[in-house]
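Colleague: I would like to learn how to read the packing in this model. Could we take one feature at a time?

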Amino acid sequence: GVVKIVLKQALPILNNEIKRTLDGLCDFDVVLDIDDKNDVCINLVCDGVEMPIEKGASGFEATFGGIAVRNALATISSLSRPNYLTLDEVDSTINPENMDNLYELYNRILTNYDFIFHIVHTDNEDVISKHNQVVTVLKQNHISKIDF
């Protein structure tokens, strides 16, 4: 329908924004495409090989690809959106050697948001130190307590 026609015209803009977002942070590309059945496809391109991201991507590749696609859609959208982005446990799929790249990715997408609400289930000081503010939720005797 009309949505797919508009999306086909926006693909070069979206793919350029995805490439810009990921540039220098990883050794692969993520490309949006529309297949013969008119389905939207998110493809991973690594060493010249293109495959659907859901069929062969690692946690790192899928996480970075998903965040970059989401950012590209938010960048070109004229729809209202919240002033923040919520990401839940995205660091759990990323090896420690790629964590600095994750936080650089956050810095790049902050142009679209006032802040990122990053939910983690750890008290790892390395992760906590990368954030400007931390909200801690502790459960004691079946009662949750929030600490800022």
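Helix packing and the sheet

Colleague: At what angle do the axes of helix 1 and helix 3 cross?

Modeller: The axes of helix 1 (residues 2–22) and helix 3 (residues 59–76) cross at roughly 130° and come within 9 Å. Axes are lines fitted to C-alpha atoms, for helices over the stretch in contact, and angles run from 0 to 180 degrees between N-to-C directions. Helices (H or I, at least four residues) and strands (E, at least two) are DSSP runs numbered from the N terminus. Helix 1 and helix 3 are therefore oblique to each other; angles under 35 degrees count as roughly parallel, over 145 as roughly antiparallel, 65 to 115 as roughly perpendicular, and the rest as oblique.

This is a predicted model: local features need pLDDT of at least 70, side-chain atom pairs count only at pLDDT 80 or more, and totals for chains, interfaces and linings use all residues. Residues are numbered from 1 along each chain as its sequence is written, and side-chain values use heavy atoms, with hydrogens and water left out.

Colleague: Which residues make the contact of helix 1 and helix 3?

Modeller: Contact means heavy atoms within 4.5 Å. Helix 1 contributes Ala10, Ile13, Leu14, Glu17, Ile18, Arg20, Thr21 and Leu22, and helix 3 contributes Phe64, Ala68, Val69, Asn71, Ala72, Leu73, Thr75 and Ile76. By class, this contact of helix 1 with helix 3 has 11 nonpolar, three polar and two charged residues (Ala, Val, Leu, Ile, Met, Phe, Trp, Tyr, Cys and Pro count as nonpolar, Asp, Glu, Lys and Arg as charged, and the others, Gly among them, as polar).

Colleague: How do helix 3 and helix 4 pack?

Modeller: Helix 3 and helix 4 (residues 99–109) make an angle of about 5°, and their axes are 11 Å apart. That makes helix 3 roughly parallel to helix 4. Phe64, Ile67 and Asn71 of helix 3 meet Asn101, Leu102, Leu105 and Ile109 of helix 4. The residues of this contact are five nonpolar and two polar, with no charged ones.

Colleague: At what angle do helix 1 and helix 4 pack?

Modeller: The angle between helix 1 and helix 4 is about 135°, with the axes 9 Å apart, which makes helix 1 oblique to helix 4. Arg20, Thr21 and Leu22 in helix 1 meet Leu105, Arg108 and Ile109 in helix 4. Here the contact divides into three nonpolar, one polar and two charged residues.

Colleague: In what order do the strands of the sheet lie?

Modeller: Strands of a sheet pair through backbone hydrogen bonds, either parallel or antiparallel. Three strands form an open sheet here, in the order 1-2-3, with antiparallel pairing (two strands pair if DSSP finds at least two bridges between them). Strand 1 (29–34) and strand 3 stand at the edges, each with a single partner strand, so one side of each has no neighbour in the sheet. From one strand to the next the twist averages 35°. Helix 1 packs on the sheet, touching strand 1 and strand 2, and its direction makes about 180° with that of strand 1.

Colleague: How many bridges join strand 2 to strand 3?

Modeller: Four bridges join strand 2 (residues 40–46) to the antiparallel strand 3 (residues 49–52). In strand 3, Glu50 is the bridge partner of Val45, and Pro52 is that of Asn43. Strand 2 and strand 3 form a hairpin with two residues between them, and Asp47 in the turn has a positive phi of about 55°.

Colleague: Where is confidence lowest in the protein chain?

Modeller: pLDDT is the predictor's confidence in each residue, from 0 to 100. Confidence is lowest in helix 5 (residues 125–128), at a mean of 77, and highest in strand 1, at 94. The protein chain averages a pLDDT of 88, and 100% of the residues score at least 70.
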